[in-house]
Amino acid sequence: MKTVLWLLGALGMLGAFDTIYFHEIRGQLPAHLPGLNPELKLHAGRSFIYVAVFGTLPWFAWRGTWAFALGVLLVVEIGITLADFIVEDQVRKPFGGLLPGERATHTIMAIVYGAMIANLIPVLLAWHKSATGLRPEPVNVPLAYRLALTALAAGTCVSAVRDAYAVAGFPRRAARWPWLAQSGPQP
């Protein structure tokens, strides 16, 4: 399980970089609503799954039927990511397509995710054979690392809520919220 958490942390850092640099700073995705609604809906859904994963795996074992539920969540995440690959190519055409380096970042994230899943499958199979329950079972990694993964869960939750808020069309301070002076991807 240690390997799973180290890979999860790497994935979380790559995801944070992708979100902050490519989606927020360079692409300013929420500023391009409603054109990017389909992509932001997928991002919000996937982020809520990651909140559960980052927030629980360092601290809890998903035993019995819960292991199956976690497996379903991870398969749903794969489906969302595959849909996102297709949708982002379609909805970003009017904005010049994906930013340079973004597809490479997504590919590296997919490789790390695959490695994490490959290491998690035997754990899920073992957990599935035990009595059902979400049991406190902190993984034997440094406490600071478990707390860092929990912080990634909190940051991912903020990102998920932000994307969902933007897609829902709630009031914003300005048409290009929160970017007041410029629009479009930045060089």
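**Exercise 1. Find which residues of H3 meet which residues of H4, and sort them by class.**

Step 1. List the H3 side: Ala 67, Phe 68, Leu 70, Gly 71, Leu 74, Glu 77, Ile 78, Phe 85, Glu 88 and Asp 89. They meet Arg 103, His 106, Tyr 113, Ile 117, Leu 120, Leu 124, Trp 127 and His 128 in H4. Contact means heavy atoms within 4.5 Å. Helices are DSSP runs (H or I, at least four residues), numbered from the N terminus.

Step 2. Sort by class. The contact of H3 with H4 has 11 nonpolar, 3 polar and 4 charged residues. Ala, Val, Leu, Ile, Met, Phe, Trp, Tyr, Cys and Pro count as nonpolar; Asp, Glu, Lys and Arg count as charged; the others, Gly among them, count as polar.

A note on the model: it is predicted, so local features need pLDDT of at least 70 and side-chain atom pairs pLDDT 80 or more, while totals for chains, interfaces and linings use all residues. Residues are numbered from 1 along each chain as its sequence is written, and side-chain values use heavy atoms, without hydrogens and water.

**Exercise 2. Describe how H3 and H4 are arranged.**

Step 1. Take the angle and the distance. H3 and H4 pack at about 165°, with axes 10 Å apart. Axes are lines fitted to C-alpha atoms, for helices over the stretch in contact, and angles run from 0 to 180 degrees between N-to-C directions.

Step 2. Name the arrangement. The two helices are therefore roughly antiparallel. The cut-offs: under 35 degrees is roughly parallel, over 145 roughly antiparallel, 65 to 115 roughly perpendicular, and the rest oblique.

Step 3. H3 passes H4 in a left-handed crossing. Left-handed means that the near helix is turned anticlockwise from the far one by less than a right angle; clockwise is right-handed.

**Exercise 3. Describe how H1 and H4 are arranged.**

Step 1. Helix H1 covers residues 2-26. The axes of H1 and H4 come within 9 Å and cross at roughly 160°.

Step 2. That makes H1 roughly antiparallel to H4. The crossing of H1 past H4 is left-handed.

Step 3. Residues of H1 in the contact include Leu 7, Leu 11 and Phe 22; those of H4 include Ile 108, Val 112 and Met 116. By class, this contact has 15 nonpolar, 6 polar and 2 charged residues.

**Exercise 4. Find the salt-bridge partners of Arg 103.**

Step 1. One partner is Glu 88, at 2.9 Å, N to O. A salt bridge is a side-chain nitrogen of Lys or Arg within 4 Å of a carboxyl oxygen of Asp or Glu. Arg 103 lies in helix H4 and Glu 88 in helix H3, so the pair ties together parts that are 15 residues apart in sequence.

Step 2. Another partner is Asp 89, at 2.6 Å, N to O. This pair too links H4 and H3, with the residues 14 apart.

Step 3. Arg 103 is partly exposed at 28%, and so is Asp 89 at 38%. Glu 88 is buried at 0%. Buried means under 20% relative accessible area, exposed over 50%, partly exposed in between (1.4 Å probe, protein chains only).

**Exercise 5. Trace the network that holds Arg 92.**

Step 1. Glu 102 forms a salt bridge with Arg 92, the closest N and O atoms being 2.6 Å apart. Glu 102 is in H4, while Arg 92 is in the loop between H3 and H4, 10 residues away.

Step 2. Glu 102 is buried at 0%. Arg 92 is buried at 3%.

Step 3. The whole structure has 7 salt bridges.
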